[in-house]
Amino acid sequence: MAASLQRIGIVACRTFPVILQRHLQAQRIRDVKITSIVAPVLRVNYCASSSSADNTDSAETLSRYADTPWEYLKSEEYIERYGSKPVWSNYRRNHKGGIPPQKTRKTCIRGDKICGNPCPICRDPNIIIHYKNVNLLQQFFCPDTGVVHDPTVTGVCMKQQKLLSKAIETAKDFGLLRAQFAHVDFTKEDYSNTHGAVAPTPPPFPLSSGELWYSWYGSVKPDERELARVKRIYKDYLKPEV
């Protein structure tokens with residue numbers, strides 16, 4: 001009796017760990033399946049909620065000054081960030097070595113990717129180039145000569161530089177900016193015939209009948225062969241000699 005009970009105990013001890021291990025494995029597989037099904041759904045919902053939140057935030061940010069970008073330069077946010085200085089005054093370009101490159105980058109934003117150090121215009125989404133945004137355009141050209149600052153001075157990318165040049169020209173066409181013209185001293189002497197460089201045209205001298213205008217023209221004799229060829233070509237148009 002004792003021996004049979006001992007055998008039963010040995011068999012139970014050997015069988016129970018196997019059953020327990022199989023049960024744990026089945027439970028792990030079930031949990032993995034549930035996690036693989038639920039996790040993507042949660043991830044999609046989280047991404048959708050975050051993207052919608054980002055879109056609403058970006059839409060709110062863009063809609064503030066999208067219609068009237070010149071209002072941003074009068075806001076407290078702009079004054080606190082830039083003060084009375086131009087938007088490019090505190091900007092520093094990243095480049096290798098002590099000598100900066102001769103040209104700026106083509107653009108700072110390519111699709112959804114933004115470079116590490118965007119230009120003064122691309123780094124601030126509230127700065128919008130528009131021909132009516134006069135206070136912004138005045139920061140990018142010399143007030144004395146009217147020459148647009150080089151992008152190596154302002155650090156603006158080439159894409160924004162082209163938009164700036166076009167907006168400045170449009171503002172000048174509409175009279176929002178003063179057009180610069182070179183000053184030329186006008187003197188009446190340049191357009192009159194009273195000074196020594198200009199003299200009145202002499203009147204033609206009278207000619208008598210049969211006199212040639214050029215004295216040397218009477219000594220020139222044409223080639224007989226060439227004259228005969230021309231007469232042969234235009235014989236129908238020549239008057240008969242009397």
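Modeller: One definition is needed at the outset: helices are DSSP runs of at least four residues, numbered from the N terminus. Please also keep in mind that this is a predicted model.

Biologist: By what part of a helix are Glu-226 and Arg-229 separated?

Modeller: Both residues belong to helix H6. Glu-226 and Arg-229 form a salt bridge, with their closest N and O atoms 2.5 Å apart. Because they stand three residues apart in that helix, the separation is about one helical turn.

Biologist: Is Glu-226 buried, partly exposed or exposed?

Modeller: Buried means under 20% relative accessible area and exposed means over 50%, with partly exposed in between. The relative accessible area of Glu-226 is 39%, so Glu-226 is partly exposed.

Biologist: Which residue forms a salt bridge with Asp-124?

Modeller: The search of the whole structure finds two salt bridges. In the one that involves Asp-124, the closest N and O atoms are 3.3 Å apart. Asp-124 lies in the loop between E2 and H3 and its partner in helix H2, so the pair ties together parts that are 43 residues apart in sequence. The partner is Arg-81.

Biologist: Does Asp-124 count as buried or exposed?

Modeller: The cut-off for buried is under 20% relative accessible area. Asp-124 has a relative accessibility of 2%, so the residue counts as buried.

Biologist: How many aromatic pairs are there, and is the pair of Tyr-78 and Tyr-82 stacked or tilted?

Modeller: Rings pair if their centres lie within 6.5 Å, and the count comes to four aromatic pairs. The ring centres of Tyr-78 and Tyr-82 are 4.9 Å apart and their planes stand at 40°, so this pair is tilted.

Biologist: Where do Tyr-78 and Tyr-82 lie?

Modeller: Tyr-78 and Tyr-82 are both buried. They are four residues apart, about one turn of the helix, and the helix is H2 (residues 76-82).

Biologist: Is the pair of Tyr-131 and Phe-174 stacked or tilted?

Modeller: Planes under 30 degrees apart count as stacked. The rings of Tyr-131 and Phe-174 have centres 5.1 Å apart and planes at 25°, so the pair is stacked.

Note on methods:
Residues numbered from 1 in each chain as written. Predicted model: local features only at pLDDT ≥ 70, side-chain atom pairs only at ≥ 80, totals over all residues. Heavy atoms only, no water. Phe/Tyr/Trp six-rings, centres within 6.5 Å; stacked < 30°, edge-to-face > 60°. Helix = DSSP H or I, 4+ residues; strand = E, 2+ residues; numbered from the N terminus. Buried < 20%, exposed > 50% of the residue type's maximum accessible area, 1.4 Å probe, protein only. Salt bridge = Lys/Arg side-chain N within 4 Å of Asp/Glu carboxyl O.
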